[in-house]
Structure formats: C-alpha cells, structure tokens
Amino acid sequence: MDWVEKYRPQRLQDVVGNSGAVRQMYEWARDWSRQKKPLVLYGKPGIGKTSSAHALANDMNWEVVELNASDQRTKSALERVAGAGSTTASLSGATRKLILLDEADNLHGQADRGGAKAIVEIIAAARQPIILIANDYYALSRDLKAATEPVQFRALQARSIVPRLRQICAAERMACDPVALDEIANRAGGDMRAAVNMLYAAAIGKEHLTAEDLHTSAKDERSTIFELVGGAYKGLRDADLLRMAVQVEDTPDAVEQWLEGSIDHMPDSASRAKGYACLSRADEFIGRTYRRQYYTLWRYASAIMLIGVADAAGAHGVHGRILPPARWQKMGTSKKQKAVRGGLARKLSGMTHIPEDALREDFFTAISIIVEQDPATYVREFQLDADELALLIHDRAMATKVVKDVAKEEKAKEKKISGKEKPSGKGRKTRDNDPPGDDSGDVQQDLPPGQATLF
Ligand SMILES: Nc1ncnc2c1ncn2[C@@H]1O[C@H](COP(=O)(O)OP(=O)(O)OP(=O)(O)O)[C@@H](O)[C@H]1O
C-alpha cells in the first residue's frame, strides 16, 4: 500500500493543521439536524479535505456514501441517497450516512440535465448530512454557495508537515536526516499528499534517508498554466517560457486564451495591440496545426504567442490574480451550451458538407451514437474539445478525461517528432516548413478529417 493511503488520517485528531476548519466540521456534525446547511470544504489539492470528511464520519460513527464525478451523479441516484430517512440504522449500526460529493466545482451537466440546479434542490431537501468538496470556491454556482456553509482549508505550513513526515519515518523504522525532511516539506508547497509521496519515493529500499536521496524524488515540479502566463507577463527568458509551455497540461489553443484573458494587464494600448498581433499570428499556426494534423507547428504557435506577449508586456507583470479567460467564465451554462451546440454544428457541417440545419435536425443523434462508440477517435478526427464531446456523449467527466488523454497523447507525439527532427528534413516536413500564411496546394492534406471516417 502506498504511504498516502497507509497514513491517511483516520480520526479528526490525526489531521495535521487547519484546526479551525476541523473544529467547524466537528461542531456542525455534533449539532447536525435537517436544518443545517451542507458543508463545502474547499482549498487546494492534497491538504486533507477528503481525509477530514472521512475522519469526521469515523469519529461520529456515520457511514460514508461517496459520490464522485465518475459515478455520474444522476438526479435519481442523489435523491435515493440523500432523501433516504435517517431512522433506519444500517447493518454497520451507523445511524446516519454522510454523503460526500467531490469536485463540487464541476457539477455542470451532472444530476441529469438539471445540472448544478438539480443538485442544489436535492441537497436543500436532504435528510442526511452532506459534505461537498471543491478546489475552487469561486467556481461554485451562486445557488450552491447560498445553500451551503463554506469551510476553508489552507495550504499547510512546512513546519506542520515536518512532524508528520517524522512520524511516518518512525512508523516505518527508518532513520531520516532532519535536513531531508525540511527539504521535502519546503518543496511540497503546502501539499501534504505531495510531501508523503516524495518521502515514499525517496525512501524506497532505504533504512536511512539523507538529503542526497531527494534529487531523484522531487515533487512533480511541472509548471502550471498560472506560472506560464505570469512568466510571460513578467518577461521571463524565452527559453524558460518555451520549456514551461511543453510542461503545462494545456494545449496551445488553451494557453492562447489564457494569455488573451490577461491582456488587460498590459500597461498601454500600444503594447496591447502588439500583444494581440502576436496572439492572432499564433492562432494561424494553431489552425494550421489542426488542419494538417501536424503538431510540430504547435511549437511555432507557442513561441510566437509567449515570446511575443512577453516582449509586448515589457516585463510589466500581472497586477492582481491571473484568472481563466473571461469568456470561459462569462458563458453561463445555458448560454454556453447554446454556443457550444452552434459551434459544433458549424464545425461538423464544414467537415461533412452537410448543411448546418440538416445536421442539427437530422444527424445530431446519429452522430452522437457514432461518437459514443469511440470518443477518442472522434476527438482527434473532429478536434473536439471537452464541451463539444460532452454535448455528444452526455457525460462531462468522461468527455474531460478523453480530451485530456488525447491532448497528452498529441503532446507526447509532438515531443517525439521534435526530438527526431533534423534541421534539413525532407518530405512532408519540407512542405510544412512553407512560409507561414502559405496554405495553398494542401488540397489533399486539408481534406476535412472527419469526412472520410463518418460518412
Ligand atoms: N492535513 C493532513 N493531515 C494528514 N495527512 C494529510 C493531510 N492532508 C493530506 N494528507 C495526506 O494526503 C493524502 C491526500 O489527502 P486528501 O485526499 O485528504 O486531500 P484533499 O485535500 O482532499 O485533496 P484533493 O482536493 O486532491 O481531493 C492523505 O491520504 C494523507 O496521506
């Protein structure tokens, strides 16, 4: 068993840090009645939200019913669990069931078509205690916030992490240099799960852990989209920006939208114009990447947008928080659904040469059924994003996963190609090194990818 599971806190008293949050949870449970609002535990990953909920149930002798996103929280499933009375003790003797809903910041489209709204209605009428878990409190709908009580979990201090690591070392009968534990705790960035994982990775097969052992077990230090966008606006070195661009999980089209989302941070209109010019140029390469299915071009898109924006911003930095692109936030669910549906119809119509209206009226269901059989293939063929795929297969969690997997696969492919590529390449490479903007002569390659496959 890995140590993260082995050393998951079993009781509230074992939870490290966040004593205010833990007390708030305990008091809520102690006085629980149907009038109490459900709790929302929120905060960054790996700091004990889920563990605390389980530990609370354990302390209260409550059973836990966990409904995670992949369980497809259908309205009926939720109603069945949350609506069940509390009078019947379960086989284990527990008198209540604590219902745990994780990823509460991603409820859209779940609980059947009613989405978050249906969930709010169900939890408001629930006859069992409910705890929701979220990373981003601000992503919860207004209704959901109003129907719940927030409990904030904060990142852990390195000095709280060290004693826990020491405890684990003692339980494993392993000697540990204090310097090594300090270093792990500092590297973990407040994330206890990362700290325990690092300790585990460094300690395998050892009886004595030293700081030397750590260099092979560093926390996954890949850059995040926040660091990348912040770095561009801070005018980080070109080489660093390009390295980070390869590390982030987001594809260049998403990075482009993040950069655009922060363009208001540019100091004046001249820089903003320069920034937009780079983004639009990068956009051409992104379009060409998809049309030609030639992912090497992504690199040019990344270089143009990142180096270009960094240059335009003149190391001015970002004042305030870096936020997801405003247009993502603004599109409320229904408006977004409509926009996604319209965009998808246009895209498929262009690719299949079926008029948009006919496609909407007569072919959507058929296409949905076909796509459901093999979503990954159609994500590649039609360059579907998660919203579009979710619309076709009616499963948001699955759509997000498939699109992420395909993007990862493409990135790996791109890395492989760029590793192999020689400066004086031949064949299709020569073609694709045509000057930017020259799309002529690509009739065969630019054939809509979905056409051959679907019809
Ligand atoms: N406060 C803590 N005290 C003790 N152990 C912790 C704490 N936080 C995290 N851990 C360790 O990290 C593991 C993961 O923690 P947990 O699942 O509770 O995090 P989380 O905040 O719910 O993260 P996520 O948002 O990713 O679900 C636990 O099994 C435990 O080993």
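Leaving aside its neighbours within four places in sequence, which residues is Gly 48 in contact with? In this predicted model, the contacts of Gly 48 are Pro 9, Val 15, Val 16, Asn 18, Phe 153 and Met 192. Gly 48 sits in the loop between β1 (39-42) and α3. It counts as buried, with 23 C-beta neighbours inside 10 Å.

**The ligand and its shell**

Gly 48 is also one of the residues closest to the ligand, together with Arg 8, Pro 45, Thr 50 and Ser 51. The ligand is surrounded by 20 residues. By type, these are nine nonpolar, six polar and five charged residues. At least two shell residues come from each of α1, α3 (49-60) and α9. Domain 1 (3-152) and domain 2 (158-216) each contribute at least three residues to the shell.

An unreviewed UniProt entry carries the annotation "binding site" for Gly 43, Lys 44, Pro 45, Gly 46, Ile 47, Gly 48, Lys 49 and Thr 50. Thr 50 belongs to helix α3. Apart from neighbours within four places in sequence, Thr 50 is in contact with Asp 102 and Ile 133. Thr 50 counts as partly exposed because it has 19 C-beta neighbours inside 10 Å, and a buried residue needs 20 or more.

**Nonpolar cores**

In soluble globular proteins, nonpolar side chains tend to be buried together. The largest nonpolar core here holds 56 residues. Those with the most contacts inside this core are Val 40, Leu 41, Ile 131, Ile 184, Ala 195 and Leu 199. Helix α9 (residues 192-203) gives the core its largest share, eight residues.

Ile 131 shows some of the packing: with neighbours within four places in sequence left aside, its contacts are Pro 38, Leu 39, Leu 41, Ala 53, Leu 98 and Leu 100.

**Two residues with positive phi**

Asn 18, which is in contact with Gly 48, has a positive phi of about 50° although it is not a glycine. Gln 383 likewise has a positive phi, near 50°, and is not a glycine.

| Residue | Loop | C-beta atoms within 10 Å | Burial |
|---|---|---|---|
| Asn 18 | between α1 (3-6) and α2 (19-30) | 23 other C-beta atoms within 10 Å | Asn 18: buried |

**Arg 272**

Helix α13 (residues 269-292) contains Arg 272. Is Arg 272 buried or partly exposed? Arg 272 is partly exposed, since 16 other C-beta atoms lie within 10 Å. Not counting residues up to four places away in sequence, Arg 272 touches Ile 263 and Met 266. Along the chain, Arg 272 and Ala 313 are 41 residues apart, while their C-alpha atoms are separated by 7.8 Å.

Terms used
Residues numbered from 1 in each chain as written. Predicted model: local features only at pLDDT ≥ 70, side-chain atom pairs only at ≥ 80, totals over all residues. Core = buried A, V, L, I, M, F, W, Y, C linked by C-beta atoms within 7 Å. Buried ≥ 20, exposed ≤ 12 C-beta atoms within 10 Å, placed from the backbone. Helix = DSSP H or I, 4+ residues; strand = E, 2+ residues; numbered from the N terminus. Contact = placed C-beta atoms within 7 Å. Near = placed C-beta within 6 Å. Nonpolar A, V, L, I, M, F, W, Y, C, P; charged D, E, K, R; others polar. Domains from an automatic or database assignment. UniProt positions renumbered as here; feature names shortened; annotations may be inferred.
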